[in-house]
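Biologist: I am new to this structure. Could you walk me through how to read its features?
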Amino acid sequence: MMTTHTIAVPGARIAYDVRGSGPVLVLAGFPMTAGPFAAMAETLAKHYTVITFDPRGMGRSPADDPDKGSTPERRADDVVAILDAIGADKADLLGSSGGGATGLALAAKRPERVGVLVAHEPPLFELLPDAAERHAVTEDVIATYRSEGVRAALAKFMVDVVGHDARMGENAVRHSSEQDLADFARLFAHELRSTTRHVPDPAALARTRVAVGVGIDSTPLVTSRTSLALAARLGVEPVEFPGGHGGFRTHPEEFAEVLHRTLTAQPASTEPGGSM
């Protein structure tokens with residue numbers, strides 16, 4: 001059984017869902033809302049109290065000021081507010097895509113609230129040797145949004161930023177709901193820069209066990225490169241997950257199995273943040 005709740009946080013109201021029982025596990029996406037995690041959350045609810053939520057300004061979580069953006073650090077505060085609301089001292093966390101940046105910010109800022117963090121394909125362009133080029137592409141997408149609208153920007157984002165082919169870009173536009181398009185519009189207008197420019201600090205993450213996930217089908221994507229760069233920066237071996245960037249959606253049961261195994265694995269090193 002799933003229950004849905006809403007809490008007020010500074011500048012927004014956050015909608016979150018609770019399933020299952022057991023240790024608390026937060027599934028965080030960005031700009032993805034809770035919906036794409038639903039099937040996997042049902043599977044994981046056999047072992048965990050699973051929390052999914054819509055990030056501020058997205059989906060069911062309206063921002064008080066729609067013209068004001070957020071940062072990974074601000075979204076990390078929202079996760080803490082959810083944990084406080086359910087009475088959880090700490091939680092394990094899967095952060096996928098921009099949710100990976102949220103999780104890294106949370107682990108750095110409030111390590112006592114995080115058990116194990118699995119950062120799955122966070123788009124951390126600052127970690128790449130061609131960071132300046134990647135940022136220029138991002139700025140072009142933002143400019144396209146302002147001049148041509150969200151559909152044109154989304155098609156360009158899927159191809160030029162993420163790395164999909166043109167057909168995937170066209171499909172993303174064709175199959176996006178009005179809410180999806182509204183969420184992407186907010187991403188392009190206010191959120192994309194702060195997410196892709198987030199730089200994790202290995203020293204600040206030293207108190208948290210961090211695993212870095214990468215999809216086995218994500219090789220053509222820039223998020224595969226950012227994940228490998230993050231793993232190298234943190235000195236951990238990347239964990240392969242089924243599917244691509246959205247493997248939790250296309251392979252929910254298999255993804256849940258790898259996630260559960262990763263969360264429950266004994267670290268190879270006794271040092272916090274050591275290899276798994």
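Biologist: Where is Pro31 found?

Modeller: This is a predicted model, so keep that in mind throughout. Pro31 is found in the loop between β3 (24–28) and α1 (38–44). A cis peptide bond joins Phe30 and Pro31. Omega there is about 5°.

Biologist: Next, backbone angles. Which value does phi of Ser97 take?

Modeller: Phi of Ser97 is near 55°. That is a positive value in a residue other than glycine. Ser97 sits in the loop between β5 (91–96) and α3. Glu121 also has a positive phi, near 50°. Its loop runs between β6 (114–120) and α4.

Biologist: Is Glu121 buried or exposed?

Modeller: Residues under 20% relative accessible area count as buried. Glu121 has 0% relative accessibility, so Glu121 is buried. Ser97 is buried because its relative accessible area is 9%.

Biologist: How do I read two packed helices?

Modeller: Two packed helices are described by the angle between their axes and the distance between the axes. Take α2 and α3. They pack at an angle of about 75°, with axes 8 Å apart. Therefore α2 is roughly perpendicular to α3.

Biologist: Which residues of α2 and α3 meet?

Modeller: From α2 come Pro72, Glu73, Arg75, Ala76, Asp77, Val79 and Val80. From α3 come Gly98, Ala101, Thr102, Ala105, Leu106 and Lys109. The residues of this contact divide into seven nonpolar, two polar and four charged.

Biologist: What is Ser70 in contact with, leaving aside its neighbours within four places in sequence?

Modeller: Ser70 is in contact with Arg56, Arg75, Arg186, His190, Glu191 and Ser194, with those neighbours left aside. Ser70 lies in the loop between β4 (49–53) and α2. Ser70 is buried, because its relative accessible area is 5%. Gly11 is 59 residues away along the chain, and the two C-alpha atoms are separated by 9.8 Å.

Biologist: Last topic: the core. What is the general idea?

Modeller: In soluble globular proteins, nonpolar side chains tend to be buried together. Here, the largest nonpolar core has 60 residues. Val26, Phe157 and Phe188 have the most contacts inside it. The element that gives the most to this core is α5, with seven residues.

Biologist: Which residues does Val26 contact, leaving aside its neighbours within four places in sequence?

Modeller: With those neighbours left aside, the contacts of Val26 are Ile51, Phe53, Val79, Leu83, Ala91, Asp92, Leu93 and Leu94. There is also a second, separate core of 22 residues. Met32, Phe37, Phe241 and Ala256 are among them.

How values were computed. Residues are numbered from 1 along each chain as its sequence is written. This is a predicted model: local features need pLDDT of at least 70, side-chain atom pairs count only at pLDDT 80 or more; totals for chains, interfaces and linings use all residues. Side-chain values use heavy atoms; hydrogens and water are left out. Axes are lines fitted to C-alpha atoms, for helices over the stretch in contact, and angles run from 0 to 180 degrees between N-to-C directions. Helices (H or I, at least four residues) and strands (E, at least two) are DSSP runs, numbered from the N terminus. Angles under 35 degrees count as roughly parallel, over 145 as roughly antiparallel, 65 to 115 as roughly perpendicular and the rest as oblique. Contact means heavy atoms within 4.5 Å. Ala, Val, Leu, Ile, Met, Phe, Trp, Tyr, Cys and Pro count as nonpolar, Asp, Glu, Lys and Arg as charged, and the others, Gly among them, as polar. A nonpolar core is a set of buried Ala, Val, Leu, Ile, Met, Phe, Trp, Tyr and Cys residues joined through side-chain atoms within 4.5 Å. Buried means under 20% relative accessible area, exposed over 50%, partly exposed in between (1.4 Å probe, protein chains only).
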